[in-house]
Amino acid sequence: MERKERPFDVIGQLAALRRYARSLVRNSDDAEDLVHDALVRAYEKKQSFRRGANLRTWLMSIVHNAHIDRVRQGLSQSRRHDEAAAEADQSLQAGQEHAVRLQQVRNAFFQLPEEQREALHLVAIEDLSYQEAAATLGIPMGTLMSRISRARAQLRAFEETTPRASHLRLIGGNSHESS
C-alpha cells in the first residue's frame with residue numbers, strides 16, 4: 001500500500017528546523033524554544049501556506065523570522081533595562097538628614113489651615129489648574145489664589161526659620177570650657 005504524502009508534514013522537517021535553529025542561537029535549549037515558537041506560528045498561519053509550495057523553505061523562514069523577533073525583543077528589553085538602571089543610578093537614597101527635613105516640611109504642610117492646605121494640595125500636588133482647583137472646591141478663583149498665596153508664604157517662613165541640619169557634629173565637650 002502506497003503511503004499518501006501529507007502536504008503539511010512538519011514532523012518530517014523537525015530535524016532540519018532544529019539544526020537551523022541551533023545554528024542561529026548556538027544553544028540547544030534556546031533552539032528547542034525557537035522551533036517550538038516557529039511551529040506554533042506555522043500552525044496558526046497554516047492557511048497561508050500555498051499547496052504545492054516548499055514546506056521546508058516556508059518553515060525555515062518562520063524559524064528565521066521568529067529568531068529575528070526574539071533578537072529585537074531582547075535588544076529592546078536590554079535597552080529598557082539599561083535606561084531604568086541609568087535612572088536608578090541618578091537617584092540617591094535619601095540620607096537621614098534629608099529624611100528628617102522632608103518630615104519637617106510635611107508636618108509644616110499639615111499644620112496649614114485646612115482651606116489653605118487643600119487649595120495648595122490641588123494645585124501643587126495634584127497639578128490642577130487654578131480654575132480646576134477653584135471649581136473642585138466650589139470657590140471663586142480669587143479666593144483660591146489668596147489661599148495658595150498665604151499657604152506658600154507660611155511654608156517659605158517655615159523654610160527661613162527652621163535651621164538646616166549641618167553635616168558637622170560636635171562630639172564631646174570643648175576642652176577649653178571650665179567645668
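Helices are DSSP runs of at least four residues, numbered from the N terminus. In this predicted model, aspartate 33 is found in helix H2, which spans residues 28-44.

The secondary structure of the protein consists of seven helices and zero strands, and the order of elements from the N terminus is accordingly α-α-α-α-α-α-α. The mean pLDDT of the protein is 84, with 83% of the residues reaching 70 or more. Among the elements, the highest mean pLDDT, 95, belongs to helix H2, whereas helix H4 (residues 96-110) has the lowest, 83. Of the 179 residues of the protein, 23% count as buried. The protein exposes about 13900 Å², and carbon and sulfur atoms supply 50% of that area. Among contacts with a separation of 6 or more, 60% are made by residues 24 or more positions apart.

Glutamine 13 is placed in the segment before H1. Its relative accessibility is 18%, and because buried means under 20%, glutamine 13 counts as buried. Apart from neighbours within four places in sequence, glutamine 13 is in contact with Leu55, Arg56 and Leu59. Helix H1 covers residues 14-25, and the loop between H1 and H2 contains arginine 26. Arginine 26 is not a glycine, yet has a positive phi of about 60°. With a relative accessible area of 76%, arginine 26 is exposed.

Aspartate 33, in helix H2, has a relative accessible area of 40%. This value lies between the limits of 20% and 50%, so aspartate 33 is classed as partly exposed. The C-alpha atoms of aspartate 33 and arginine 18 are 9.7 Å apart in space, while the two residues are separated by 15 residues in sequence.

Histidine 67 belongs to helix H3, which comprises residues 55-90. The relative accessible area of histidine 67 is 14%, and the residue is therefore buried under the 20% limit. When neighbours within four places in sequence are left aside, histidine 67 is in contact with Leu24, Val25 and Leu34.

Helix H7 comprises residues 141-161. The axes of H4 and H7 come within 10 Å and cross at roughly 145°, and the crossing is right-handed. On the H4 side, the contact is made by Arg101, Gln104, Val105, Ala108 and Phe109. Leu155, Phe158 and Glu159 contribute from H7. By residue class, the contact of H4 with H7 divides into five nonpolar, one polar and two charged residues.

Technical notes. Residues are numbered from 1 along each chain as its sequence is written. This is a predicted model: local features need pLDDT of at least 70, side-chain atom pairs count only at pLDDT 80 or more; totals for chains, interfaces and linings use all residues. Side-chain values use heavy atoms; hydrogens and water are left out. pLDDT is the predictor's confidence in each residue, from 0 to 100. Helices (H or I, at least four residues) and strands (E, at least two) are DSSP runs, numbered from the N terminus. Buried means under 20% relative accessible area, exposed over 50%, partly exposed in between (1.4 Å probe, protein chains only). Axes are lines fitted to C-alpha atoms, for helices over the stretch in contact, and angles run from 0 to 180 degrees between N-to-C directions. A crossing is left-handed if the near helix is turned anticlockwise from the far one by less than a right angle, and right-handed if clockwise. Contact means heavy atoms within 4.5 Å. Ala, Val, Leu, Ile, Met, Phe, Trp, Tyr, Cys and Pro count as nonpolar, Asp, Glu, Lys and Arg as charged, and the others, Gly among them, as polar. Accessible areas come from the Shrake-Rupley method with a 1.4 Å probe; for residues, only the protein chains shown count as cover.
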